[in-house]
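Subject: Structure for your records

Hello,

Here is the structure I promised to pass on. My notes on it follow below; please read them with the model open.

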Amino acid sequence: MKVRVLGCSGGIGGRDQRTTALLVDQDVLIDAGTGVGDLEFDELLRIDHIFVTHAHLDHIAMIPLLVDTVGDARAMPLVVHGTPETLRILRSHIFNWLIWPDFSSIPDRQNPFLRFQEMRVGESARLSDGRTIRALPALHTVPAVAYQVSCAGGSLVFSGDTTYSEPLIAAINAIPDLRHLIVETAFPDALQDLALSSRHLCPSLLALFLDRIVSNPEVWITHLKPSRAAATLEEITSYGGRLSPRAIHNGLEFVL
Ligand SMILES: [Zn+2]
Ligand SMILES: [Zn+2]
């Protein structure tokens, strides 16, 4: 199984700054931020599933355009997985015929271009080739999950957007084959109040979070704000710690 970073920035601006999206093999997206827009039409056509961590725009921006682009060229609906709360937000505020058409009833409800699939925290989706994706509890300003992506080669956890969360730490610590942990750090410590009120992490909170992780995954930092990325990474490095987090970048590929 391969997991490729299509977008991992907290903002936009040039080819290096794309918002959150991970491509699992050729057919699964985890979040669908602006990085999805870099895929060619043939690559977009192969995407069968999108697992959404939460409904914020930087994580879902390309879903409406993707389904509109590939819908009539596909034999099966594109399936958007998320918690009932997240899917309700997408239906009410995006696919509401005002911002965008309701593609779950286009061309008709029996054979739609888009299908919503509810997935509660703790539940797993079984995909082809022995791959599974499980929703883990995250803590953000809107209902949010992290995802554990697993195959015979091990597990990768992607935090989505979250602040410090004991249930998430417990869920991560219960994974015996964790190889990669991708975790957000949106703000530098100077903006800790903002990190707390917007329920993100900053380096000091990240250090507390990582101190509680009992296994030895490779740790990767995502969702840095472009204007503060260098300063935030310096702070993360200065905290030291056992796990030596590194920043991820577009095009990075994890092989499990
Ligand atoms: Zn968010
Ligand atoms: Zn975000």
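**The zinc site of ligand 2**

In this predicted model, the zinc ion (ligand 2) is coordinated by D58 (OD), H59 (NE2), D161 (OD) and H223 (NE2), at 2.1 to 2.2 Å. Donors here are N, O and S atoms within 2.8 Å of the metal (3.2 Å for Na, K and Ca), and since water is not among the atoms, sites may look incomplete.

Two conventions first. Residues are numbered from 1 along each chain as its sequence is written, while chains are lettered from A and ligands numbered from 1 in the order in which they are written. As the model is predicted, local features need pLDDT of at least 70 and side-chain atom pairs count only at pLDDT 80 or more, whereas totals for chains, interfaces and linings use all residues; side-chain values use heavy atoms, with hydrogens and water left out.

Around the zinc ion (ligand 2), the four donor atoms subtend angles of 90 to 163°, and the arrangement is therefore irregular. The classes are as follows: four donors count as tetrahedral if all angles lie between 85 and 135 degrees; four count as square planar and six as octahedral if opposite donors are over 155 degrees apart and all others between 65 and 115; anything else is irregular. Along the chain, the donors of the zinc ion (ligand 2) have the spacing D-H-x101-D-x61-H. H59 sits in helix α2 (residues 57–60) and H223 in the loop between β12 (218–222) and α8 (229–238), so the pair ties together parts that are 164 residues apart in sequence. Helices (H or I, at least four residues) and strands (E, at least two) are DSSP runs, numbered from the N terminus.

H59 counts as buried, at 0% relative accessibility, and H223 is buried too, with a relative accessible area of 3%. Buried means under 20% relative accessible area, exposed over 50%, and partly exposed in between (1.4 Å probe, protein chains only).

**The zinc site of ligand 1**

The zinc ion (ligand 1) has H54 (NE2), H56 (ND1), H140 (NE2) and D161 (OD) as its protein donors, lying 2.1 to 2.3 Å from it. This site is irregular as well, with angles of 89 to 168° among the four donor atoms. The spacing of its donors along the chain is H-x1-H-x83-H-x20-D. The two ions, ligand 1 and ligand 2, are 3.6 Å apart, and D161 coordinates both. H54 lies in the loop between β4 (49–51) and α2, and H140 in the loop between β8 (132–137) and β9 (145–151), so this pair ties together parts that are 86 residues apart in sequence. H54 is buried at 0% relative accessibility, and H140 is buried at 4%.

**Helix α4**

P84, T86, L87 and L90 are the buried residues of helix α4 (residues 84–93). Seen down the axis of α4, they fall within an arc of 165°, so they line one face of the helix; the arc is that of the directions from the helix axis to the C-beta atoms. On the other side of α4, R88 and H93 are exposed. The cover over the buried residues of α4 includes α2, β5 (78–82) and β6 (114–118), where contact means heavy atoms within 4.5 Å.

**The seven-stranded sheet**

An open sheet of seven strands runs in the order β7-β8-β9-β10-β11-β12-β13, with mixed pairing. β7 (124–126) and β13 (246–247) stand at the edges with a single partner strand each, so one side of each is left without a neighbour in the sheet. Two strands pair if DSSP finds at least two bridges between them. Strand β11 (residues 178–184) is joined to β12 by five bridges, and the two run parallel. V183 stands opposite I221 in β12.

**Backbone and cysteines**

Most residues other than glycine have a negative phi, and most peptide bonds are trans. The bond from I106 to P107 is cis, with omega near 0°, and P107 lies in the loop between α4 and β6. W97 lies in the loop between α4 and β6; it has a positive phi of about 75° although it is not a glycine, and at 55% relative accessibility it counts as exposed. D31, in strand β3 (residues 28–32), has a positive phi near 65° and is buried at 0% relative accessibility.

The structure holds zero disulfides, a disulfide being a pair of cysteine sulfur atoms within 2.5 Å. For C8, the nearest cysteine sulfur is that of C202, 19 Å away. C8 is buried at 10% relative accessibility, and C151 is buried at 13%.

Regards
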